[in-house]
Structures are given as structure tokens and as C-alpha cells.
Amino acid sequence: MAVQEMMPTWVGATAKQIARAVRRGDTSATQVVADHLEHVARADRDVAAFRAVRGGEAIVEAEKVDEQDDLANLPLAGVPVAIKENTAVAGLPTWNGSEAVRTPVAETDHEVVRRLRGAGAIILGATRMPELGLFATTDDGTAVTRNPWRPDRTPGGSSGGAAAAVASGMVPIAQGNDGLGSVRIPAACCGLVGLKPGRGVVPCQLPADDWFGLAEHGILATTVADAAVGFAVLAGRRPEKLVPPERLRVAVSLRSPVAGVRPDPPNRDAVAAGARLLAAAGHDTVSVDPVYSTSLGIRGIATWLACATRAVEEAGVDRSGLQRRSRRHVALGAWAQRRGLVREQDRVAWRERSIAFFADHSVDLLLTPALASVPPPAVAWSRRSWQANLLACIRYAPYAAPWNVAGLPALVVPVGLRPDGLPVGVQLVGPPGSELLLLGVAGQFELAAPWQRHAPGFPRVPTRTS
């Protein structure tokens with residue numbers, strides 16, 4: 001091992017540890033960013049999490065943070081953060097996972113990026129996603145993004161690059177966005193905490209009217225505390241100390257939203273483990289299934305199809321430049337719109353029914369599997385047919401999408417490992433405004449059953465913390 005690799009580093013530290021050390025003057029933002037850039041240069045050759053790394057720019061921005069007289073009000077002082085490549089970062093193109101839909105260099109930051117910078121975070125780079133964010137695997141024409149836990153498996157999607165970057169220690173937290181599970185699915189694949197806030201809590205400003213209201217910006221992190229401070233910054237709030245919730249009543253369900261798709265034994269065991277953790281924390285659990293209708297599935301898929309159609313229309317690009325699977329997706333979306341299958345009243349009805357679920361059954365939260373089966377292989381899914389992509393995604397990740405349609409907050413938290421060594425998690429869903437409650441319960445999980453924060457073999461260097 002080289003002498004340089006034996007030197008202590010801030011790689012692997014949590015966002016809260018880094019920010020506290022920078023605020024106290026125990027280290028500098030410049031040192032923290034330099035450590036992480038060095039790790040990215042080594043690790044990303046194998047993982048392919050980043051579309052672009054802002055090396056020199058990030059160092060300059062870190063130096064500006066170090067020059068500030070008052071760091072006390074910066075909750076993310078000096079913390080390296082990754083941004084998903086469909087979210088505008090000034091000075092970078094917005095790739096959208098697609099050469100065809102790539103937009104020119106952005107002149108201004110997206111509002112969530114502006115808020116992260118305002119909190120003292122340093123934008124390390126843009127992370128990869130599938131074309132238009134349509135699928136739950138991550139690859140593009142230049143690379144296949146790999147799961148740091150097992151490089152032969154996908155890190156999920158569409159925020160797969162973000163999850164891979166966090167799970168490998170390249171950044172302590174990352175921004176992603178979640179249209180049908182695109183934060184929570186990668187979190188489950190990579191053993192992370194992944195929070196999708198409820199509708200309207202964080203400014204979205206994504207194409208197709210925020211995916212017809214389905215999409216939200218969220219946070220991926222290795223700890224609940226980091227997820228909480230990241231969420232607070234995105235929501236424009238002051239970070240709050242999480243308070244362990246008192247006795248709750250939690251519905252537990254294994255029912256799949258997709259007929260014929262059932263959770264495999266490791267995912268069923270994960271839900272059982274989650275229920276035991278809830279009971280150990282003093283909460284009550286009850287077996288109650290949400291009523292997922294066939295209409296919800298059909299119209300949910302129709303809306304997903306139409307999101308791509310609208311996004312391509314808004315971008316004014318020629319469909320012929322899209323990947324084969326995306327061209328088919330856009331064509332089907334146009335058909336669904338012509339047939340009147342994409343209707344706001346259907347989404348409103350499901351939202352109302354979902355909110356009523358909690359009141360009707362006198363429950364505070366819902367616990368479900370995060371995934372149904374093992375993440376698919378890390379291969380060039382962009383070269384495969386639309387049908388192959390659809391079936392792969394539905395078979396392994398059916399549980400997230402209904403809560404986007406409903407606009408409810410939802411969170412994934414790790415609860416252990418599968419027999420094959422990949423992490424396994426559970427999903428917690430709550431009524432509107434329950435983001436802090438979800439984080440509080442996740443914190444109880446973390447306290448009772450701490451998880452391995454990074455994939456085996458990462459971050460490959462000793463960690464310096466304060």
C-alpha cells in the first residue's frame with residue numbers, strides 16, 4: 001500500500017462530522033474537497049457514478065467557504081455533495097442522461113442546488129442517470145454505473161449514480177429526484193437512507209410539470225442524521241434535532257402494487273425485521289394492505305409514458321436521436337395521451353384514497369418492502385428493448401411508484417443484508433407532512449440495528465473524523 005493511501009482522510013466521514021469540523025476550524029473545506037476528489041479519481045474508474053467532476057471549480061468554491069468569516073450558520077459547511085445530471089448546475093450542461101436531450105451549459109443553479117450552496121455545500125459533480133430518468137437501472141452511451149456492493153449488479157435508478165457515489169464514499173450525501181421511486185430504489189439497492197419528500201415541500205421545477213406532479217427532489221445518505229440535514233436544506237428549513245417518536249401504530253403490508261409480483265424471501269424477511277424493530281421501539285404494528293387497483297396500475301404506467309412524451313416535446317428534440325427503448329416509450333406516451341388515459345382526476349382520487357388509508361385504519365405510517373427481488377445485472381440496458389426494461393423494473397421494484405402518484409412522503413432505510421451480500425431495506429410511507437416522523441422512526445431503526453455505511457472495500461482509506 002502506498003504511503004499516500006495510508007494518510008488519514010475525510011473520505012468516509014458523515015456530512016455532519018465534516019460540517020462540524022469545518023465550522024470549528026479543525027479542518028478546511030479545501031482539505032475535505034481535495035480528499036474526496038482524490039478518492040473519486042480512484043474509485044469512479046470502477047463505479048462510473050459521475051457524468052462530470054468539477055475538480056478545479058470545486059476547490060475554488062471550497063476556498064471561498066474557508067474565507068467566510070462566519071461559518072456558524074452553514075449546516076453543510078465544506079460538505080462535498082453530488083447533483084443528479086438532470087438538475088441544473090451553473091457552468092455544466094444538463095445531460096438528462098441523454099445526448100439527444102442534453103441542454104447547453106446552465107447559467108444559473110436550480111433552486112435546490114442554490115440552497116445546497118447557501119448551506120455551505122461544495123458541488124463535486126453531476127451523477128449519471130438513465131435517459132430521461134425513465135428506468136430503475138443506470139447506464140448511458142458511455143458507461144454502465146455499477147453497484148459498489150456488487151459490481152455485477154445495478155445501483156438502481158434513476159438516481160443510480162447518486163446512490164453509487166454515496167455508497168462508495170465519493171460524497172457523504174447526494175441529491176436525487178424521485179418520479180416513480182428514483183431515490184428510494186437506489187437507496188435500497190445500495191444500503192442507504194433515501195427520502196422522497198411529500199408533494200410541494202421542496203421546489204421541483206422538472207420537465208412535464210414535474211412529471212405531472214409525480215417527481216420530487218430528495219436526499220441519499222449513509223445516516224439518518226445526514227438525510228435529515230440534507231432534507232432541511234432542500235426544503236429551506238433550519239435543521240432540527242430528530243426526536244424519537246412516541247408510540248405509533250404502523251400498518252405492515254407485503255402486498256405488491258403489481259399483480260403477480262411478490263417479494264422474495266429476503267425482502268419478506270426485511271419487512272419482518274422492520275416490524276420487530278418497530279415493536280422494540282415501543283410501536284404497535286397491524287397487518288393492513290393498501291388497496292392497489294388495476295386502474296391505478298394502468299393509469300400510473302400511462303402517466304409514466306406520457307412524462308417522456310411531454311419532456312421531449314418541451315425540449316423540442318427529434319425523437320430519432322433517443323435510445324431505442326426511449327423512442328418506444330415516447331410513442332406509447334403519445335398514444336396514452338390520445339386515448340385519454342392520463343388524467344389528473346385519477347391522480348387526485350388515488351391521493352385522497354391514500355391519505356384516507358391512514359385515518360380509516362387509525363395508523364400513523366405504513367411499512368412495506370423496498371424491493372421485490374435482487375437488483376438486475378449491471379449491463380447496457382439502454383441497448384435492450386423497451387419491454388425488457390419495463391419487465392425488469394416492475395419485477396424488482398414495484399413498491400415505490402404508488403406514493404409518487406399520491407404525492408406522499410416516503411423513505412427507505414436499510415435493515416440488513418441479503419444472503420448474496422447485497423443490502424436490503426424497507427419502505428416507510430406517511431401522510432402529508434410526515435417527513436420528520438419518517439426520519440425519526442428511521443433513526444430508531446439505526447440506533448437499534450446500525451448498518452454498514454459503505455460498501456465493502458470502500459472508501460479504501462482510513463477515515464479521519466472529529
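## The largest nonpolar core

Let's start inside this predicted model. Its largest nonpolar core has 147 residues, and those touching the most other members are Leu76, Leu367, Trp403 and Leu411. Helix H11 supplies the largest share of this core, with eight residues. As background, nonpolar side chains tend to be buried together in soluble globular proteins.

Which residues does leucine 367 contact, leaving aside neighbours within four places in sequence? Its partners are Val250, Ala251, Val252, Ser253, Val271, Gly274, Ala275, Leu278, Val426, Gln427 and Leu428.

## Helix H11 meets helix H12

Now back to helix H11, which spans residues 294–315. Its axis comes within 7 Å of the axis of helix H12 (residues 324–338), and the two cross at roughly 110°. An angle from 65 to 115 degrees counts as roughly perpendicular, so H11 is roughly perpendicular to H12.

Look for the residues that make this contact. On the H11 side they are Ala302, Trp304, Leu305, Ala306, Ala308, Thr309, Arg310 and Val312. H12 contributes His329, Val330, Leu332, Gly333, Ala334, Ala336 and Gln337. Sorted by class, the contact of H11 with H12 has 10 nonpolar, four polar and one charged residues.

## Threonine 127 in strand S3

For a last stop, find threonine 127 in strand S3, which covers residues 122–127. Is threonine 127 buried or exposed? Threonine 127 is buried, because its relative accessible area is 0%, and buried means under 20%.

Not counting residues up to four places away in sequence, threonine 127 touches Ala49, Phe50, Arg51, Ala82, Ile83, Lys84, Glu85, Gly161, Ala162 and Ala165.

Key: Residues numbered from 1 in each chain as written. Predicted model: local features only at pLDDT ≥ 70, side-chain atom pairs only at ≥ 80, totals over all residues. Heavy atoms only, no water. Axes fitted to C-alpha atoms, helices over the stretch in contact; angles between N-to-C directions. Helix = DSSP H or I, 4+ residues; strand = E, 2+ residues; numbered from the N terminus. Parallel < 35°, antiparallel > 145°, perpendicular 65-115°, else oblique. Contact = heavy atoms within 4.5 Å. Nonpolar A, V, L, I, M, F, W, Y, C, P; charged D, E, K, R; others polar. Buried < 20%, exposed > 50% of the residue type's maximum accessible area, 1.4 Å probe, protein only. Core = buried A, V, L, I, M, F, W, Y, C linked by side-chain atoms within 4.5 Å.
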